[in-house]
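The following report goes through selected side-chain interactions and the packing of a protein model. Please read it alongside the sequence and the coordinates shown here.

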Amino acid sequence: MEPSQDEFPNISMLPFVLDTLSAKQLTALPFEYLSAEELEHVARQWMLQSRVQDAVKLLEGLFANFNKLDERAEPAFDCLLDCYDILGNPLKKKKLLKRGSSANNKYIRAAALQRRCCILADRNEYAEAWSLFQELQRLIPNDPSLSHLEITLLVNQGEKQRATERARFWVARLSKVKDFDQGPLIEYLRTVSQGDISSAMTGIAKNLSPEINLLVSLIEQLPEPACHYMLKPKNGSAGPMEPDKKLLSLAAQWETQGEYSETMADDIEWLGHNPLAWQCFDILDDWLATVEGERVSHGFEEVLLLPVLRHAEALLRLTLKCYQADGMKLEWAWHENRPAMRLLERLVGMLRLTKNFPEAVRVAEWMVLTLNPNDNQGLRSNLIHDYLRLGKINEALVLSRIYQDDIADMSYGTALALFMDNQLQAAQRSLAIARKRYPEVSKMLLAVKPKQPRLRNGMVQVGGRDEAWYYFKDNFDIWKQSGALEWLKQSFAKK
């Protein structure tokens, strides 16, 4: 009796063959005879195995000639962009997006435009993002992926009511398409249409991968904060936070875990077996530094990062309360306090990224005005401008008096606050000082098409064009909305 054909499932031998090749051989493969879908599958597997460089070598060979590729190469295109993100290679990513944007195949072009659209939204450059979205509507007018992109842009922009309305439109439209798979996307849109954006993001995240699903489930069951630190408050300072013996032992185990962990799933499994880890600032700080780099989709922040960071804030507040240290300093100078302070800094960053400026101000205010008035982490720069976004002009002016003769952000922020308070003479004097000390910032704000200068990771030149670029990127919106941009332009004209 001959065996049934079903007993021998189709197994691709490509992964086994590619495993035997060197990096140089990977780039010289006969790509025109290979399946782009299979190459993408192999590359994804290598990414999970921390073989990102090998995945890049494989896929760069595939995209040596865009014009020979069709829509079957779109997932591989996305995969290569993800690889560049993981490796921290923005220049290669930028070049790939540029080439993809002019590819012959419209689906590859659309994939590039969607990425660029999201990048612009992340930079708060919404006019340009919506312009690209309109271009996508002309290119692939009936593509369901446009629904998710539009909702993402609106949510990122803080237009949650508009996102709800557009989600209703997309649900009605896609429900009429006979061949459309009523899967995770339509479920996401229905949830958004009901106004429950947080649950919608959670649903999308769970469908990304088994690891993400497991991580979401783990975070949904976070334990209540419990104090495992000791403090000795004195003279208005809480002093250094000292972990108890259980946390010290667990932190040591975590270091060992880090040496052997190869994937995010390994860390998730360890955290599942060690719930006490959620009470340890050192472990949370170290783990989140890794998880932040994943950012597998928009909404990742609200679903995965923010719940853990809010837990960290609650844990710190509980620890201070246990020792009657509320309202006291928790200085950065004590190295033991830095993991908790870094977690709060991440929380501010994530709240700002998700346009929750009131909450971002609340946490940053606590850090700058109470916990660490030296502000070693530089949060005052965003705080003064976020005050102004929320119309808290008096608070911005108070902050500017605390940090007089300060960095470029505070100098221009002070001038802006005075302008918004209609103290025009004082604003003009403050602006003149800011322009004299940091002229590149004014030039960048007024440039018709500002060009990003060469940036160095973790370094900024005081008075340099890189400093000006960061200021422009973070604060151009409030200068334009307040009318101060026109005032700045007139000041230049009088010079």
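With which residue does Asp386 form a salt bridge? The partner is Arg389, and the closest N and O atoms of the pair are 2.8 Å apart, a salt bridge being a side-chain nitrogen of Lys or Arg within 4 Å of a carboxyl oxygen of Asp or Glu.

## Basis of the values

This is a predicted model, in which local features need pLDDT of at least 70 and side-chain atom pairs count only at pLDDT 80 or more, whereas totals for chains, interfaces and linings use all residues. Residues are numbered from 1 along each chain as its sequence is written, and side-chain values use heavy atoms, with hydrogens and water left out.

## Salt bridges

Asp386 and Arg389 are three residues apart in helix 20, and so they are separated by about one helical turn; helices here are DSSP runs of H or I with at least four residues, numbered from the N terminus. Asp386 is buried at 2% relative accessibility, where buried means under 20% relative accessible area, exposed over 50%, and partly exposed in between, using a 1.4 Å probe and protein chains only. Arg389 also forms a salt bridge with Asp477, with the closest N and O atoms 2.8 Å apart. This second pair links distant parts of the chain, since Asp477 belongs to helix 25 (residues 465-482) and lies 88 residues from Arg389 in helix 20; Asp477 is partly exposed, at 25% relative accessibility.

In the whole structure, a search finds 23 salt bridges. One of them joins the side chains of Arg44 and Glu40 at 3.0 Å, N to O, and both residues lie in helix 3 (residues 36-48), four residues apart, or about one turn of the helix. Arg44 is partly exposed at 26%, while Glu40 is buried at 16%. Both belong to a network of salt bridges that links Glu40, Arg44, Asp78, Asp82, Asp85, Lys93 and Arg115.

## Two loop residues

Asp375 is placed in the loop between helix 19 (357-371) and helix 20 (380-389), and it is buried with a relative accessible area of 5%. Its side chain reaches the backbone nitrogen of Leu379 at 2.9 Å. With neighbours within four places in sequence left aside, Asp375 is in contact (heavy atoms within 4.5 Å) with Val368, Arg380 and Tyr403.

Glu71 lies in the loop between helix 4 (52-62) and helix 5 (74-87) and is partly exposed, at 39% relative accessibility. Its side chain and that of Asn105 are joined by a polar contact of 2.9 Å, that is, a pair of N or O atoms within 3.5 Å, of which, within protein, one must be able to donate a hydrogen and the other to accept it, residues adjacent in sequence counting only if both atoms are side-chain atoms. Glu71 and Lys106 are 35 residues apart in sequence, but 7.7 Å apart in space, C-alpha to C-alpha.

## Nonpolar cores

A nonpolar core is a set of buried Ala, Val, Leu, Ile, Met, Phe, Trp, Tyr and Cys residues joined through side-chain atoms within 4.5 Å. The largest has 92 residues, of which Trp278, Trp287, Leu316, Leu320, Leu371 and Trp479 touch the most other members. Helix 17 (residues 300-322) contributes the largest share of this core, ten residues. Another core, of 34 residues, lies apart from it, and its members include Leu29, Phe31, Leu62 and Cys83.

## Cysteines

The search finds zero disulfides in the whole structure, a disulfide being a pair of cysteine sulfur atoms within 2.5 Å. For Cys83, the nearest cysteine sulfur is that of Cys79, 4.5 Å away.
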